[in-house]
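Hello,

Here is the structure I promised to pass on to you. Please open it alongside this email, and my notes follow below.

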Amino acid sequence: MRNLFDEETTVEFKPLADKMRPKSLDEFFGQEEVVGEYSPIRQMIETDTITSMIFWGPPGVGKTTLAKIIASSTNSSFYELSAVTSGVKDIKELIEVAKYNKSNGKKTIVFVDEIHRFNKAQQDAFLPHVESGNIILIGATTENPSFEVNSALLSRSKVYVLKSLNEEEIIGILKRALSKNDSYSNVDMKEECFSVIAKMSNGDARTALNTLENIINIAPLKKNKKEITKEVLQKVLQNKMFLYDKLGEEHYNLISALHKSMRNSDPDAALYYLARMLEAGEDPLYIARRLIRFASEDVGIANPNALVQATAVYQACHYLGMPECNVNLAQAVVYLSICPKSNSLYKAYGMVKEDAIKTANEKVPLHLRNAVTRLDKELGYGEGYEYAHEYKDSITSMDCLPDSLKGKKYYYPTDIGNEKAAKETLKRIEELKKKRKGKDENKI
C-alpha cells in the first residue's frame, strides 16, 4: 500500500513516460467520450462527487493517469494497491486509514491496477467499505470486467471503456514530450519519425514514450545536436523492416501475402511474411485474429482442429505478448499452411447471406415455433413438429427452411480432408430423409 502523493522519487531518475504523465484533464490526450467537456467524469471532478469506477482498456491508454488526475483534482487521499502483492490484510490496514481520513472530512481513493488479478476474497473485502463510503474504489483492468470482477462489486461501480490511442493522439503526446523537456532542446526529430514511432506503439502511449526516450539516448550527438531521421531510426533500432509506409498500405500488403501463402500451402513463405509483420512491430493479436478467420474461411470442416489451434494461439499471444509469442504464431501459421483446404463454409455463407437478405420478411414455419401461450397453440405454433430424438438415428424428414426456400442447398462439402467424411454423412442423411418422407413408423 502506498500513497502516491507521498513519494519522493527523484525526477531525473524517472522514465520519460512517468515524467510526462498529465497532471490535469487539459493535458490528457484522447478518450474524449470519457473525459470530454461534458463527460460524467469531468462533471464529477468539477463538483468533487467522485464515485467508485472501473477503467477497462488496453495498456498505455491512461487508466492510471486518469485515476491520479481524479485524486489530485479532488479533496482526496490517494492510495495504490498492487493486485499481485497485496492481500486481504493490506486491504484491512488501508480501510483503517480510510476511516481516519473520513473522520477528518477527507475522502480516500483506492486505486487497484489490474484489479482482475485480485481473487474473490480480496474483491469481497472492498464491498462493505465501498457501500459505506469509507473508500472510493477505482479499478483498472485490461480484461473484460463482466467476467473478471465480482458482480456485487461491479454493480457498485461505473465501468468506463478506454480505447487505444490513435496515431494523431500518440504523435501529440510525443511532440509534447519534446517541447516540455529542456534536456531535449537539442533534439531535432523529422516529422515522419513521429508517425513511425506512433505506428510501432499500437495505441500505447507508454510504449511510444519509452521508444522515444531510447532513441534519443542512443542517437549519435553531432555538433551538440541530435538529428533524428528515418535512417537514424532504422540504425538505432537495428530494424529495417518496421517502417510501414505512412498510409499503411504495406501493412495490408503483408497480411494479404501471409493469408495467400497459407492458402497456397506454402509454410516457408507464410513464415517469412509473419516475421516481416512481427519484426515491424505489428500487434500479434491482430495477426492471431486473422489466423482465426483463416481457420474457418480456408480450412473449415476439412480440419475442424484448425479453429481450435488458431484460437489457442490467440490466447497464447494474449498471455505472453511479444517477443515470446512469436513462436506460437509461427506454430499456427505452419499448421494452417499444411492443413487440407476448403472454402465450402465461406461460399455457403456467401450464398445464404444473399437469400437471408432477400427473404428478410419470410416468416419462420409454424411447426418450428414454440407454442408458449394458448393463442400460440390456436394459431398452430409447433403443430407438425417432429422431435428428432424420437426417431431412429435422430433423423426426420421434416423441412426446416421457409416454403420459398424449400430444397435449397448452401453447403457443398469437398472430398478434401475431414470434409470427405462430412460429405458422406450428409449423403446418408439425405437418403434417410427421402425414405422417411411422410412416414412415422420410424419412431422409436
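In which loop is Asn303 found? Asn303 sits in the loop between α15 and α16 (305-320), where helices (H or I, at least four residues) and strands (E, at least two) are DSSP runs numbered from the N terminus.

Before I go on, a word on the source. This is a predicted model, in which local features need pLDDT of at least 70 and side-chain atom pairs count only at pLDDT 80 or more, while totals for chains, interfaces and linings use all residues. Residues are numbered from 1 along each chain as its sequence is written, and side-chain values use heavy atoms, with hydrogens and water left out.

Back to Asn303. With 13% relative accessibility, Asn303 counts as buried (buried is under 20% relative accessible area, exposed over 50%, partly exposed in between, with a 1.4 Å probe and protein chains only). The side chains of Asn303 and Tyr335 are joined by a polar contact of 3.0 Å. That term stands for a pair of N or O atoms within 3.5 Å; within protein, one must be able to donate a hydrogen and the other to accept it, and residues adjacent in sequence count only if both atoms are side-chain atoms. Not counting residues up to four places away in sequence, Asn303 touches Tyr335, Cys339 and Pro340, with contact meaning heavy atoms within 4.5 Å.

Two other residues may interest you. Met44 lies in helix α3 (residues 40-47) and is buried, at 11% relative accessibility. Leaving aside neighbours within four places in sequence, Met44 is in contact with Thr49, Ile50, Thr51, Met53 and Tyr160. Lys363, in the loop between α18 (344-358) and α19 (374-378), is exposed instead, at 62%. Apart from residues up to four places away in sequence, Lys363 touches Arg369 and Pro402. From Lys363 to His318, 45 residues apart along the chain, the C-alpha atoms are separated by 43 Å.

On to the cysteines. Taking a disulfide as a pair of cysteine sulfur atoms within 2.5 Å, the count comes to zero. Cys325 is in no disulfide, and the nearest cysteine sulfur, that of Cys317, is 3.9 Å away. Cys325 is buried at 0% relative accessibility, and Cys193 is also buried, with a relative accessible area of 0%.

On a 1 Å grid over the protein atoms alone, a cavity is a set of points where a 1.4 Å probe fits but cannot get out, and a pocket is an open set with protein on both sides within 12 Å along at least five of seven lines; lining residues have an atom within 4 Å of a point. Grid points are joined across faces, edges and corners, and a volume is the space filled by probe spheres set on the points.

The structure holds one cavity of 30 Å³ or more, and the largest cavity has a volume of about 30 Å³. Its lining is made up of Ile255, Leu258, His259, Met262, Arg290 and Leu291. α13 (249-263) and α15 (284-299) are the elements that give two or more residues to this lining, and α13 gives the most, with four.

The second largest pocket has about 780 Å³ of space. Among its 28 lining residues, the closest to its centre are Lys408, Lys409, Ile429, Glu430 and Lys433.

Happy viewing!
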